[in-house]
2 protein chains.
Amino acid sequence: MSNWFTLRWSEDGVVLLDQRRLPLEEVYLTLGSVEEVAKAIESLAVRGAPAIGCAAALGVARAACVSEARDLVALRADLDAAVARLSRTRPTAVNLFWALGRMGELADAALAEPDASVESVRDRLVAAAQRLLAEDVTVCRAIGLAGLPLVPEGARILTHCNAGALATAGYGTALGMVRAAFEAGRHIRVLADETRPYLQGARLTAWELQRDGIPVTVITDNMAAHLMRCAEIDLIVVGADRIAANGDVANKIGTYGLAVLAREHGIPFYVAAPISTLDLATPCGDAIPIEERGRAEIAEVSSRPILPEGVPVRHPAFDITPARLVTAIVTERGVARAPYSLSLAKHSGASR
Amino acid sequence: MSNWFTLRWSEDGVVLLDQRRLPLEEVYLTLGSVEEVAKAIESLAVRGAPAIGCAAALGVARAACVSEARDLVALRADLDAAVARLSRTRPTAVNLFWALGRMGELADAALAEPDASVESVRDRLVAAAQRLLAEDVTVCRAIGLAGLPLVPEGARILTHCNAGALATAGYGTALGMVRAAFEAGRHIRVLADETRPYLQGARLTAWELQRDGIPVTVITDNMAAHLMRCAEIDLIVVGADRIAANGDVANKIGTYGLAVLAREHGIPFYVAAPISTLDLATPCGDAIPIEERGRAEIAEVSSRPILPEGVPVRHPAFDITPARLVTAIVTERGVARAPYSLSLAKHSGASR
């Protein structure tokens, strides 16, 4: 990756590339308050499960910095409020709650230290958030390497939405596998579903792969089936917003349909995600909350209406792909295969 | 249907509702020359297999009216040139060739009459084109009635693209079934795929159903699978651009994926089309030419770019749904079921 970044810490606030304006404009926002960070997540200025987690962690660190608390009790209250606000931004991606949980635990530990002070807690949280971002990149690179054996020379790879550097602190999950294969010298080509309504594929995946010189062609979502039938797709890899204990995968709306089509055509369907996307407390996909978003994202493109006034829409932002349709789940610890209730528990447990 | 129409004959030329500007503006074009009619078809000002056929028929009649021929030989040359030009507009929908063939035969017959004159041929062609439009509406109403037993009370009907009044001379094929059920008092609801890239579902199907007071909700194409999994779709009905002798169906890109998903979920998948969409000379779907259209329709929405400059696209405008995935094909002669090689031949033969 080159002369751009998804998000990072600065003394002035949380800095992030405004993904609403890509690919036409590259604008970085500096968010000085927790409320601004929360709104950036809600409005999709930053999106992608790992990136949302990172943004939330930076938001908690920012809360510590802007807190006017003079004692630890007041600081804890400010931090609790920040965590509560950030946890209300989006319901589906579990990385948000994972990152907030980790920051919350770290705050507890820092607050409980014998020589704790407002300053010491603040410093610890800022360092922890930055570490979390650095770890995220390391994890993505490990996912890429773990997935390398699944990507043959010459592979034509379909991906959906953006599970790339823009969806993480850098490198990406699904696109981490793509980048690792490209860096290993394989002559791969990427087909990117445009991914309506928010067009993450057309706007973001195409943008970041073009930036890195990785061949990418965009299709509309409804073309994938035809190209599978014409044998123009060798494998599919997507990211995940939450993976249940049984291997059911919540991901961007449209993922489930691709998985059914992949099975119909005998095409491997891979999910690439960090361990922080596993939610072993959720037994299966039906227990994962699916965010319903508003009408405007469907009814308007580039702020121009495409729908007759008054016509309603449905807008589930995610869907559930049952584990039986998933060929493998690639995490930073390797390639998990069915039965996922066993393999995911093992992947997850290896960290403890 | 109320205070609008898809296309019709006038003394000044071929009048059609410019579908590129719907739903934001209702603008009628009056096309004075064959070249203008051809360009309107190519640029999707008029689209939908039966409507393209009707526009082409009107175009041939217009050619007769604007011809400066003073004898039958010169008139025949002008008509041949018009048919040749119109037949080069779009390759997939067979109704275009069907309508041009019918107008050509009629011209031959008129030219061969003992007392034929430039005026008599002209009058015959104008009358024939108008008759073809009137027949198209009659045929659509017959399709609607034939399909009525397939649409249960309370049905939630998914459709793709626009196979409505706007895709025909009026009433529609797939939406003809919807209209017939609605007129029969059934409390149906329509889910319309927005149908990228040209957004026929969002712009046209939503517009014409809203005009007729038929409940319609728009979804992005990639939401259909999720709603099928959630048991929110009872049946699917689409139109067709060409149906091969074995029942394989060419239709708007995305249709094939829906058919696979319908099978996976046990949902009936119906195709509604006039006999003029049958192409018994084409043995199977793989012999149907699939139009590839340009980059702009994908890369821009409302003339605004959504893709990074220089990123390529694929743009097959149609796909092939194998007959094995089609529950039934509804024509003006009834409901055809597998084996289609028999049932379609019978439907088709009944006209001879």
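In chain A, helix 5 (residues 118–147) and helix 6 (residues 174–183) cross at roughly 65°, and their axes come within 7 Å. Axes here are lines fitted to C-alpha atoms, for helices over the stretch in contact, with angles running from 0 to 180 degrees between N-to-C directions. Helices (H or I, at least four residues) and strands (E, at least two) are DSSP runs, numbered from the N terminus. The crossing of helix 5 of chain A past helix 6 of chain A is right-handed; a crossing gets that label if the near helix is turned clockwise from the far one by less than a right angle, and is left-handed if anticlockwise. On the helix 5 side of chain A, Arg141(A), Ile143(A), Gly144(A), Leu145(A) and Gly147(A) do the meeting, and their partners in helix 6 of chain A are Gly176(A), Met177(A), Ala180(A) and Glu183(A). Contact means heavy atoms within 4.5 Å.

A word on the ground rules. This is a predicted model, in which local features need pLDDT of at least 70 and side-chain atom pairs count only at pLDDT 80 or more, while totals for chains, interfaces and linings use all residues. Residues are numbered from 1 along each chain as its sequence is written, chains are lettered from A and ligands numbered from 1 in the order in which they are written, and side-chain values use heavy atoms, with hydrogens and water left out.

Another helix pair in chain A is helix 1 (residues 34–42) with helix 3 (residues 72–87), which pack at an angle of about 15° with axes 9 Å apart. That angle makes helix 1 of chain A roughly parallel to helix 3 of chain A, given that angles under 35 degrees count as roughly parallel, over 145 as roughly antiparallel, 65 to 115 as roughly perpendicular and the rest as oblique. Here too, helix 1 of chain A passes helix 3 of chain A in a right-handed crossing. Helix 1 of chain A brings Val34(A), Glu35(A), Val37(A), Ala38(A), Lys39(A), Ile41(A) and Glu42(A) to the contact, and helix 3 of chain A brings Ala82(A), Arg85(A) and Leu86(A).

Turning to the rings, the structure holds four aromatic pairs over all chains. Rings of Phe, Tyr and Trp (its six-membered ring) pair if their centres lie within 6.5 Å; planes under 30 degrees apart count as stacked, over 60 as edge-to-face and the rest as tilted. One of the pairs is Trp4(A) with Trp207(A), edge-to-face at 4.8 Å centre to centre and 65° between the planes. Trp4(A) lies in the segment before strand 1 (7–10) of chain A and Trp207(A) in helix 7 (residues 200–211) of chain A, so the pair ties together parts that are 203 residues apart in sequence. Trp4(A) counts as buried at 4% relative accessibility, and Trp207(A) is buried at 4% too. Buried means under 20% relative accessible area, exposed over 50%, and partly exposed in between (1.4 Å probe, protein chains only). In chain B, Trp4(B) and Trp207(B) make an edge-to-face pair, with 4.8 Å centre to centre and 65° between the planes. Trp4(B) is buried at 4% relative accessibility, as is Trp207(B) at 3%.

The charged end of Arg229(A) sits over the ring of Tyr256(B), 5.7 Å from its centre, and Arg229(B) lies over the face of Tyr256(A), at 5.7 Å from the ring centre. A charge sits over a ring if NZ of Lys or CZ of Arg is within 6 Å of the ring centre and within 35 degrees of the ring normal.

Met103(B), in helix 4 (residues 94–112) of chain B, is buried with a relative accessible area of 2%. Neighbours within four places in sequence aside, Met103(B) is in contact with Ala57(B), Val60(B), Ala61(B), Leu125(B), Ala128(B) and Ala129(B). Glu332(A) sits in the loop between strand 15 (328–331) and strand 16 (334–336) of chain A and counts as partly exposed at 22% relative accessibility. With neighbours within four places again left out, the contacts of Glu332(A) are Val139(A), Ala142(A), Ile143(A), Ala273(A), Pro274(A) and Ile275(A).

As for the backbone, the peptide bond from Ala338(A) to Pro339(A) is cis, with omega near 0°. Cys161(A) is not a glycine, yet has a positive phi of about 60°; Cys161(A) is buried at 7% relative accessible area.
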